[in-house]
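Please look at the sequence and the structure together, and follow the chain as the paragraphs below lead from the strands to the helices and then to the charged side chains.

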Amino acid sequence: MLIEDDPANRRFEILVDDALAGFTQYVPRDDVLIFTHTEVDPGFQNRGVGSALMRGTLDKVRAQGQRVVPRCPFMAAFIDRHPEYADLVTSLD
């Protein structure tokens, strides 16, 4: 599985065997990415693709020194279950 940022489409994508298996969309605002929606292709569901996408995305966000606003329920739930990513969460005050 490969996770890549596609800034032109404002999303992180996960590729499985060179096929697009899912993505999580964001709206950039300075050093914050507001995540709004996540989709996993039905053919790849229940195989850990969504979790791998979240983990890879959040690891890349951390490496780039950015923060997240998880408006996407899937990402918010993932962060709730994985508190090691809670430090990346911010608000838009």
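β1 and strand β2 (residues 11-16) pair in the antiparallel sense over five bridges, where helices (H or I, at least four residues) and strands (E, at least two) are DSSP runs numbered from the N terminus, and two strands count as paired if DSSP finds at least two bridges between them. Within this pairing, Asp6 stands opposite Arg11 in β2. This is a predicted model, in which local features need pLDDT of at least 70 and side-chain atom pairs count only at pLDDT 80 or more, while totals for chains, interfaces and linings use all residues. Residues are numbered from 1 along each chain as its sequence is written, and side-chain values use heavy atoms, with hydrogens and water left out.

In general, strands of a sheet pair through backbone hydrogen bonds, either parallel or antiparallel. Here five strands form an open sheet with mixed pairing, in the order β1-β2-β3-β4-β5. Because β1 (2-6) and β5 (67-70) stand at the edges and have a single partner strand each, one side of each is left without a neighbour in the sheet. From one strand to the next, the twist averages 30°.

Helix α2 lies across β3, β4 and β5, running at about 115° to β5.

Side chains of opposite charge can pair when their charged atoms come close. If a salt bridge is taken as a side-chain nitrogen of Lys or Arg within 4 Å of a carboxyl oxygen of Asp or Glu, the count comes to three salt bridges. One of them joins Arg11 and Glu13 at 2.8 Å, N to O. Arg11 is buried, with a relative accessible area of 15%, and Glu13 is buried as well, at 11%; buried means under 20% relative accessible area, exposed over 50%, and partly exposed in between (1.4 Å probe, protein chains only).

Glu84 and Arg55 also meet in a salt bridge, at 3.6 Å, N to O. This pair links distant parts of the chain, 29 residues apart, with Glu84 in the segment after α2 (73-81) and Arg55 in helix α1 (residues 49-63). Asp87 forms a salt bridge with Arg62, their closest N and O atoms being 2.5 Å apart. Because Asp87 lies in the segment after α2 and Arg62 in helix α1, this pair ties together parts that are 25 residues apart in sequence.

Notes: Axes are lines fitted to C-alpha atoms, for helices over the stretch in contact, and angles run from 0 to 180 degrees between N-to-C directions. Contact means heavy atoms within 4.5 Å.
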